[in-house]
Amino acid sequence: MSARLAAALLAAALAFGARAEAPYPTRLGEAGLLDVPVAPATGEARGLLGLELRFDQPKGAPADAGPFPLAIVTGLTDRVDLGFSMREWGQPGDPLPAKMTYAGTGKLQLVAGEGHVPALALGLVVDRIMTTPVGGGRLIASAELSPRVELATYLGGEAGLSGATNAGVTWGAAVAYRALRTVRGVLEGFGGPRGEDVGAALQWSVRPTLAAQVAFNYLPREGGYQASIGIALRSSQRLPAVAAVEPVARPVAEAEVAPARFAEDRPRFRLRMP
């Protein structure tokens, strides 16, 4: 894949509408398809949590295994997401020997993606926090091409905030095919000035709030690969707001008519003659 192919896929996403739900967090901390984010936001007061058990085999380095990456996504509003992630190796340009690396993300949904309008968003990423930080931005587009096929793509740029990393264009694209109602396969490719990554995954929605996946990624520049199994948790749907109950006014009881009262036991009648 290349930046030109990613741009072509971005144009394809812009040509279609109906957005697709994505209950998986990416490895940088965004809702998406494996490593490529989707445009729709997670939603206010909703969140995603992803944890993988990985096996790494970098070229020229000992094999390694561990319980990372870990990714968390939370919705601040219906259109704004924030994310955080931790990993030891697996993204292009990650140092060896592997060390803990942190990343933070933000996403602003621009278009929800209804009818023939695709979902669009602006994303921000700060990677390698506390070591050699890299910052970048990107335009994200995603669409549901059919009830079985989903497409997500982005195009942007990044630069080293400390001058240790060259600036350049970043790109990414992922296609998901839903073979069964709860099972889908994902193919992805992404890259930038730090290198490229090609991956595939099989994802299974166990229930609306729980998913599992098996994934494999190959990093051409590093000449290494990462295989992993993981789970993803999604918060349940928000409870609908309870409408305020108006107090029902009680009907005012009609005043009882007091019975006639007499001063004496035997009433007296007076007749007037004209």
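Phe84 is partly exposed, because its relative accessibility is 36%. Buried means under 20% relative accessible area, exposed means over 50%, and partly exposed lies in between (1.4 Å probe, protein chains only). This is a predicted model: local features need pLDDT of at least 70, side-chain atom pairs count only at pLDDT 80 or more, and totals for chains, interfaces and linings use all residues. Residues are numbered from 1 along each chain as its sequence is written, and side-chain values use heavy atoms, with hydrogens and water left out.

Start with the rings. The structure holds three aromatic pairs. Rings of Phe, Tyr and Trp (its six-membered ring) pair if their centres lie within 6.5 Å; planes under 30 degrees apart count as stacked, over 60 as edge-to-face and the rest as tilted. Phe84 and Tyr102 make a stacked pair, 6.1 Å centre to centre with 20° between the planes. This pair links distant parts of the chain: Phe84 sits in strand 6 (residues 80-87), Tyr102 in strand 7 (residues 101-111), 18 residues apart. Strands (E, at least two residues) are DSSP runs, as are helices (H or I, at least four), numbered from the N terminus. Tyr102 is partly exposed, at 24% relative accessibility.

Phe216 and Tyr225 are also stacked, at 5.4 Å centre to centre and 25° between the planes. Phe216 is partly exposed at 40% relative accessible area, and Tyr225 is partly exposed at 29%.

One ring meets a charge. Arg138 lies over the face of Tyr154, 4.3 Å from the ring centre. The criterion is NZ of Lys or CZ of Arg within 6 Å of the ring centre and within 35 degrees of the ring normal.

Now the salt bridges. There are twelve, each a side-chain nitrogen of Lys or Arg within 4 Å of a carboxyl oxygen of Asp or Glu. Asp35 meets Arg27 at 3.0 Å, N to O. Asp35 is buried at 7% relative accessibility, and Arg27 is buried at 5%.

Arg184 bridges to Glu150, with the closest N and O atoms 2.9 Å apart. Arg184 lies in strand 12 and Glu150 in strand 10 (residues 149-160), so the pair ties together parts 34 residues apart in sequence. Arg184 is buried at 3%; Glu150 is buried at 6%.

Arg194 pairs with Asp127 at 3.1 Å between the closest N and O atoms. Arg194 is in the loop between strand 12 (183-192) and strand 13 (195-207), while Asp127 is in strand 8 (residues 119-129), 67 residues apart. Arg194 and Asp127 belong to a salt-bridge network with Arg87, Asp94 and Glu158.
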